[in-house]
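User: Hey, could you walk me through this model? I'd like to start with the charged pairs.
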Amino acid sequence: MGRWRAAASLLFTHLTKTSFPSLPPKPLFLSLSSSPAFCFLLARPFSALLSQLPIYPSDSENGSPCFSQQNHGFVSQEEEEEIGKIPIKAYFLCTSIDLKSMQAENLSNIVPPSSRSSNYIALRYCDFPPGVTALGMNDKVSSCRYMVIFQYGSAVLFNIEDREVESYLEIVQRHASGLRPEMRRDDYCVKEQPLLAKDMQGGPDYIVVKTLDTDSIRIIGSVLGQSIALDYFVSQVDGMVEEFANINRAMEKTGTFTMDRTKLIKLVGKANSNLADVILKVGLFERSEIAWREAKYAQIYEYLREEYEVTQRFGNLDFKLKFVEHNIHFLQEVIQNRRSDLLEWCIIFLLAIENIIAIYEIVLESTGVSF
């Protein structure tokens with residue numbers, strides 16, 4: 001019995017000391033990089049599956065389809081900023097729009113008003129059938145097209161492509177009066193980010209909002225509509241400033257001017273009407289009721305007014321109007337002096353005729369000649 005035990009012990013010792021041939025190390029996973037479906041799952045961010053980590057340097061050097069697809073999934077910062085942007089186009093078409101007739105023609109597209117303001121209407125156009133509304137798709141602002149029309153002649157289009165603009169503007173032009181031969185345009189963008197820490201954030205030529213709803217569209221549209229209308233009125237005043245500048249240059253050379261009183265009165269009326277339209281019709285200094293009601297809309301309103309320098313541009317407009325007013329008063333005085341001089345010469349002429357007649361009568365009486 002002891003011999004068998006001793007033999008078994010010697011055999012076990014011999015086996016443990018014997019060196020087995022080393023086998024090449026094997027990866028701890030199966031290489032499934034050739035499977036497109038598996039690569040797709042691995043490329044997804046925040047996936048519950050662990051991504052394949054190469055054990056050998058040759059895995060990363062040779063490159064697998066999965067690795068190359070992951071590299072192509074990265075986007076630049078510029079491309080990331082462009083994602084989710086909703087284009088905005090502001091137009092100034094005319095000097096007046098009949099909102100009542102336009103509202104009656106587009107009752108199915110009217111967005112219910114949220115304030116008592118009556119100088120604009122908002123229209124919504126969606127391609128979803130009525131049954132989709134129950135799924136909530138129709139309520140998402142970015143899935144529809146919007147158009148905000150103002151009584152003073154501006155129209156602001158949201159989420160409408162360039163090829164579709166003309167058809168939407170034709171809807172407005174049917175109810176417009178005083179159409180301008182050259183339509184003014186301004187472009188802007190809005191981007192919705194629900195995970196934004198603040199209610200809004202400004203960017204280069206766009207604004208980022210935490211929640212994009214119809215009131216946000218109204219606020220953005222009101223500022224852009226006022227801005228594009230202000231451009232038109234500034235151009236009108238610039239034309240008057242240039243006209244008076246030409247008159248002053250001619251007066252500098254000749255010492256006189258040839259403008260008649262009727263044309264001057266027309267310029268007076270044009271300057272006064274432009275100032276009145278900016279203040280009353282455009283409502284440049286009227287506080288938005290929506291912005292007054294909620295702070296997040298007030299932030300958007302104040303940011304856009306500062307971004308478009310509305311107050312500063314009106315200050316420049318007012319300065320130009322004062323220059324026009326000063327020239328008008330000066331020319332009125334010159335014309336009035338001309339009329340006074342003419343009246344004086346007429347009076348002198350009449351007095352001279354009266355004196356001549358009196359002298360003639362005296363001469364006749366002295367000579368005794370009677371008629």
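Predicted model: local features only at pLDDT ≥ 70, side-chain atom pairs only at ≥ 80, totals over all residues.

User: OK. How are lysine 322 and aspartate 318 placed in helix α12?
Analyst: They sit four residues apart in helix α12, so about one helical turn separates them. Helices are DSSP runs of H or I with at least four residues, strands are runs of E with at least two, and both are numbered from the N terminus.

User: Is lysine 322 buried or exposed?
Analyst: Lysine 322 is exposed, at 52% relative accessible area, while aspartate 318 is partly exposed at 25%. The cut-offs: buried is under 20%, exposed is over 50%, and partly exposed is in between (1.4 Å probe, protein chains only).

User: How many salt bridges does the structure hold?
Analyst: It holds 13. One of them joins arginine 313 and aspartate 231, with the closest N and O atoms 2.6 Å apart. Arginine 313 is in helix α12 and aspartate 231 in helix α8, so the pair ties together parts 82 residues apart in sequence. Arginine 313 counts as buried at 16% relative accessibility, and aspartate 231 as partly exposed at 28%.

User: And which residue does aspartate 238 meet in a salt bridge?
Analyst: Lysine 320, at 2.6 Å from N to O. That pair also links distant parts of the chain, with aspartate 238 in helix α8 and lysine 320 in helix α12, 82 residues apart.

User: How far does α12 reach?
Analyst: From its first C-alpha to its last, α12 covers 85 Å with 58 residues, close to the expected 86 Å. The expected span is 1.5 Å times one less than the number of residues.

User: What covers the buried residues of α12?
Analyst: The cover includes α8 (214-254), α9 (261-281) and α11 (295-307). Among the buried residues of α12 are Arg313, Phe314, Leu317 and Leu364.

User: Switching to aromatics: how many pairs are there?
Analyst: Rings of Phe, Tyr and Trp (its six-membered ring) pair if their centres lie within 6.5 Å; planes under 30 degrees apart are stacked, over 60 edge-to-face, and the rest tilted. By this rule there are eight aromatic pairs. Phenylalanine 92 and tyrosine 232 have ring centres 4.7 Å apart and planes at 25°, so that pair is stacked. The pair links distant parts of the chain: phenylalanine 92 is in strand β1 (residues 85-92) and tyrosine 232 in helix α8, 140 residues apart.

User: Is phenylalanine 92 buried or exposed?
Analyst: Buried, at 1% relative accessibility. Tyrosine 232 counts as buried too, at 10%.

User: What about phenylalanine 285 and phenylalanine 314?
Analyst: Their ring centres are 4.7 Å apart and the planes are at 80°, so they're edge-to-face. Phenylalanine 285 is in the loop between α9 and α10 (289-293), and phenylalanine 314 is in helix α12, 29 residues apart. Phenylalanine 285 is partly exposed at 48%, whereas phenylalanine 314 is buried at 11%.

Terms used:
Residues numbered from 1 in each chain as written. Heavy atoms only, no water. Contact = heavy atoms within 4.5 Å. Salt bridge = Lys/Arg side-chain N within 4 Å of Asp/Glu carboxyl O.
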